[in-house]
Amino acid sequence: EGLTVIEQRLISIFIFATLMWVFEAVPAWTTSVLIVVLLLLTVSDSSLWFLTQNTPAEELGQTVKYKSILHCFADPIIMLFIGGFILAIAATKSGLDVLLARVMLRPFGTQSRYVLLGFILVTAVFSMFLSNTATAAMMLTFLTPVLKALPADGKGKIGLAMAIPVAANVGGMGTPIGTPPNAIALKYLNDPEGLNLNIGFGEWMSFMLPYTIIVLFIAWFILLRLFPFKQKSIELQIEGEAKKDWRSIVVYITFAITVLLWMFDKFTGVNSNVVAMIPVAVFCITGVITKRDLEEISWSVLWMVAGGFALGVALQETGLAKHMIEAIPFSTWPPVLMIVGSGLICYAMANFISHTATAALLVPILAIAGISMRENLSSLGGVETLLIGVAIGSSLAMILPISTPPNALAHATGMIQQKDMEKVGIIMGIIGLILGYTMLIILGSNKLL
């Protein structure tokens, strides 16, 4: 009730975008571009005059700054994407991707199923400490020469390409710094003026790491069943050698520095999005990347992600997201429905807007509702189950290419069709949520959280 004209328009755009993305009536990136234009013309402070002038301000509601929408094209995550693309192009030109693929996959032998497991585990470990997007960009670089070694008509290629976003999204749950929703949930769980539970890095890993490992092995099994390899072994005769000229040495050094800065961003204080710009600057100034190379960047992917960001910005700036969440009467729900229902709402939202934005919207409201229902929730693990469940629900949302940057990067390889991503995303979401809530309720009700 009480929706403003702007909020009503935004709901229409949101439903339209959802249908277009899910059914792929046109390519996902074109939908994103159309959404940005619709947002600018109908709900921004630079809308068409006849859509704003004849409506009283209180009925019209809060408009979105047009600059906020356009800024989505240069969002820090977009810069991280560009850095990842540039790094991948430079690694391919210098032969670094060939070298790394050989070294990292050696322990997993040549059997196709174990090569797949290798990619899943290595990606997951990186994503526990690096940005999920940076990890996906890096691992897809290593994957390129492996894909070349597989038959063109085999399904195994799809499984390998899907392994990267799945492992990056799931692996991020393992540590408090793995993904922003974890940090947001911990902020409220450890708030001295709120719940004050003082959950530390090690404590988080003690229950989330085993859960993450189980989900990763389930993902391995699912990918093998859905996308079986045509050949039982991958004879990784990866063609090419790492070059030794001075430009290639610049690539090796810059690649190593970039990865180390991503890994230790908490110590250096340099944000991972800022780090991504270092290889861009170094490779352009040294001539490693040329004007022609810039044309290889998947600009359509960047535009697709920007559309998702723009929708998230509009939902927040107009107040519609807050309005919609407040309209859900959490406090009147039975404890089981509140815990499971909030996880499902979070999962549904996070498939369409940023995981971080979803957690940032839901966690503060659920923290307040949870504290008021603390006694009712105690038999199911208390407020901890509620808030950590939101972090899990956010990370498991990976149905669409726009659901999460690792999905978008994997989709950009051209190996994955959207229907494959939807199938894997739904299965992983259902299994992950059931296992996650079972774990949280068992641990919480036994006071082990």
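Is Ala-219 buried or exposed in this structure? Ala-219 is buried, with a relative accessible area of 2%. Welcome to a short tour of this model, which is a predicted one.

- To find Ala-219, look in helix 11, which covers residues 201-226.
- Along the chain, Ala-219 and Met-428 are 209 residues apart, yet their C-alpha atoms are 7.0 Å apart in space.
- With a relative accessible area of 2%, Ala-219 falls under the 20% limit and therefore counts as buried.

**The largest pocket**

- The largest pocket has a volume of about 990 Å³.
- Its lining is made of 46 residues, and the closest to the centre are Ile-77, Thr-133, Pro-180, Ser-354 and Thr-356.
- Helix 17 gives the most to the lining of the largest pocket, at 6 residues.
- By residue type, the lining of the largest pocket splits into 23 nonpolar, 20 polar and 3 charged residues.

**The second largest pocket**

- The second largest pocket has a volume of about 530 Å³.
- Of the 21 residues lining the second largest pocket, Phe-85, Ala-88, Leu-140, Thr-144 and Thr-413 lie nearest its centre.
- Helix 5 and helix 8 are the elements that give two or more residues to the lining of the second largest pocket.
- Helix 8 supplies the largest share of that lining, with 7 residues.
- The lining of the second largest pocket is made up of 11 nonpolar, 6 polar and 4 charged residues.

**Salt bridges**

- Side chains of opposite charge can pair when their charged atoms come close.
- In this model the count comes to 2 salt bridges.
- One of them joins Asp-293 and Lys-93, whose closest N and O atoms are 2.7 Å apart.
- Asp-293 lies in helix 16 (residues 291-294) and Lys-93 in helix 5, so this pair ties together parts that are 200 residues apart in sequence.
- What is the accessibility of the two partners, Asp-293 and Lys-93? Asp-293 is buried, with a relative accessible area of 6%, whereas Lys-93 is partly exposed at 34% relative accessibility.
- Glu-295 and Arg-292 also meet through their side chains in a salt bridge, with an N to O distance of 3.1 Å.
- Arg-292 is exposed, having a relative accessible area of 60%.

- Trp-29, Tyr-66, Leu-70, Phe-73, Trp-299 and Trp-303 make a nonpolar surface patch of about 560 Å².
- Helix 4 (66-70) and helix 17 (299-317) are the elements that give two or more residues to the nonpolar patch.
- Helix 17 is thus a name to remember, because this helix gives residues to the patch and also gives the most to the lining of the largest pocket.
- Phe-73, one of the patch residues, is found in the loop between helix 4 and helix 5 (76-94).
- The relative accessible area of Phe-73 is 30%, and this residue is partly exposed.

**A loop residue with a positive phi**

- Most residues other than glycine have a negative phi.
- Asn-198 has a phi near 55 degrees, a positive value in a residue other than glycine.
- You can find Asn-198 in the loop between helix 10 and helix 11.
- At 63% relative accessibility, Asn-198 counts as exposed.

- Phe-264 sits in the loop between helix 12 (246-263) and helix 13.
- Phe-264 is partly exposed, with a relative accessible area of 38%.
- Phe-264 and Arg-113 are 151 residues apart in sequence, and their C-alpha atoms are 32 Å apart in space.
- Val-340 belongs to helix 19, residues 335-350.
- The relative accessibility of Val-340 is 33%, which counts as partly exposed.
- Val-340 and Gly-389 are 49 residues apart along the chain, and 8.2 Å separates their C-alpha atoms.

Conventions. Residues are numbered from 1 along each chain as its sequence is written. This is a predicted model: local features need pLDDT of at least 70, side-chain atom pairs count only at pLDDT 80 or more; totals for chains, interfaces and linings use all residues. Side-chain values use heavy atoms; hydrogens and water are left out. Patches are made of residues with over 30% relative accessible area and no salt bridge: like charges are joined within 9 Å, nonpolar side chains (Val, Leu, Ile, Met, Phe, Trp, Tyr) within 5 Å. Accessible areas come from the Shrake-Rupley method with a 1.4 Å probe; for residues, only the protein chains shown count as cover. A salt bridge is a side-chain nitrogen of Lys or Arg within 4 Å of a carboxyl oxygen of Asp or Glu. Helices (H or I, at least four residues) and strands (E, at least two) are DSSP runs, numbered from the N terminus. Buried means under 20% relative accessible area, exposed over 50%, partly exposed in between (1.4 Å probe, protein chains only). On a 1 Å grid over the protein atoms alone, a cavity is a set of points where a 1.4 Å probe fits but cannot get out, and a pocket is an open set with protein on both sides within 12 Å along at least five of seven lines; lining residues have an atom within 4 Å of a point. Grid points are joined across faces, edges and corners, and a volume is the space filled by probe spheres set on the points. Ala, Val, Leu, Ile, Met, Phe, Trp, Tyr, Cys and Pro count as nonpolar, Asp, Glu, Lys and Arg as charged, and the others, Gly among them, as polar.
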